[in-house]
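Here are my notes on this structure. Please read them with the model open.

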Amino acid sequence: MTVSAEIAVLIGAVVGAVASLATVFLTHWLAKRREYRLDDKRKERLILLLRGDKYKWRNIETLSSAVGADIIKTKELLIEIDARQSLSNNSSWGLISRNPYPEDIQPKD
């Protein structure tokens, strides 16, 4: 059984395309894997900080510094762990479970 030149070209093109897509996917996955692991560790640390007995609300700069991320990234992570920004002091964040809406009684900076 012989394969015609046209079919061989088609098979080669399909194999090349699949290999190329697999390479791009694997490269992206490996690059993002470290970032996802780091985000998971940062979320764990944020939860520990926000569940502590001493404070119900924490300053965004303190949280950002504690997890080693910029403020924007820290806010994204806070939202992912069900934290919210204070309505009366926009630099403070707390867990929704400890600070449900509209309870927002806290000292101002």
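1. Start where two helices meet. Glu-35, Asp-39, Arg-42, Lys-43, Leu-46 and Leu-50 of α1 contact Lys-73, Thr-74, Leu-77, Leu-78 and Glu-80 of α3. Contact means heavy atoms within 4.5 Å. Helices (H or I, at least four residues) and strands (E, at least two) are DSSP runs, numbered from the N terminus.

2. A word on the source. This is a predicted model: local features need pLDDT of at least 70, side-chain atom pairs count only at pLDDT 80 or more, and totals for chains, interfaces and linings use all residues. Residues are numbered from 1 along each chain as its sequence is written, and side-chain values use heavy atoms, with hydrogens and water left out.

3. Now the geometry of that helix pair. Helix α3 covers residues 71–80, and its axis lies 10 Å from that of α1, at an angle of about 70°. The two are therefore roughly perpendicular (the class for 65 to 115 degrees; under 35 is roughly parallel, over 145 roughly antiparallel, the rest oblique). Axes are lines fitted to C-alpha atoms, for helices over the stretch in contact, and angles run from 0 to 180 degrees between N-to-C directions.

4. Next, the overall order. The chain has three helices and three strands. Along the sequence they follow α-β-α-α-β-β.

5. The strands build an open antiparallel sheet, ordered β1-β3-β2. β1 (58–59) and β2 (83–85) each have a single partner strand, so one side of each lacks a neighbour in the sheet. Helix α1 (residues 5–51) packs on this sheet and touches β1, β2 and β3; its direction makes about 95° with that of β3.

6. β2 and β3 (residues 92–95) are joined by three bridges in the antiparallel sense. Strands count as paired if DSSP finds at least two bridges between them. Arg-84 has Gly-94 in β3 as its bridge partner.

7. Check Asp-82, in the loop between α3 and β2. Asp-82 is not a glycine, yet its phi is positive, about 65°. Is Asp-82 buried or exposed? Asp-82 counts as exposed, because its relative accessibility is 51% (buried is under 20% relative accessible area, exposed over 50%, partly exposed in between; 1.4 Å probe, protein chains only).

8. Finally, the dimensions. The C-alpha atoms fill a box of roughly 80 × 25 × 20 Å along the principal axes. Buried residues make up 27% of the 109 in the chain.
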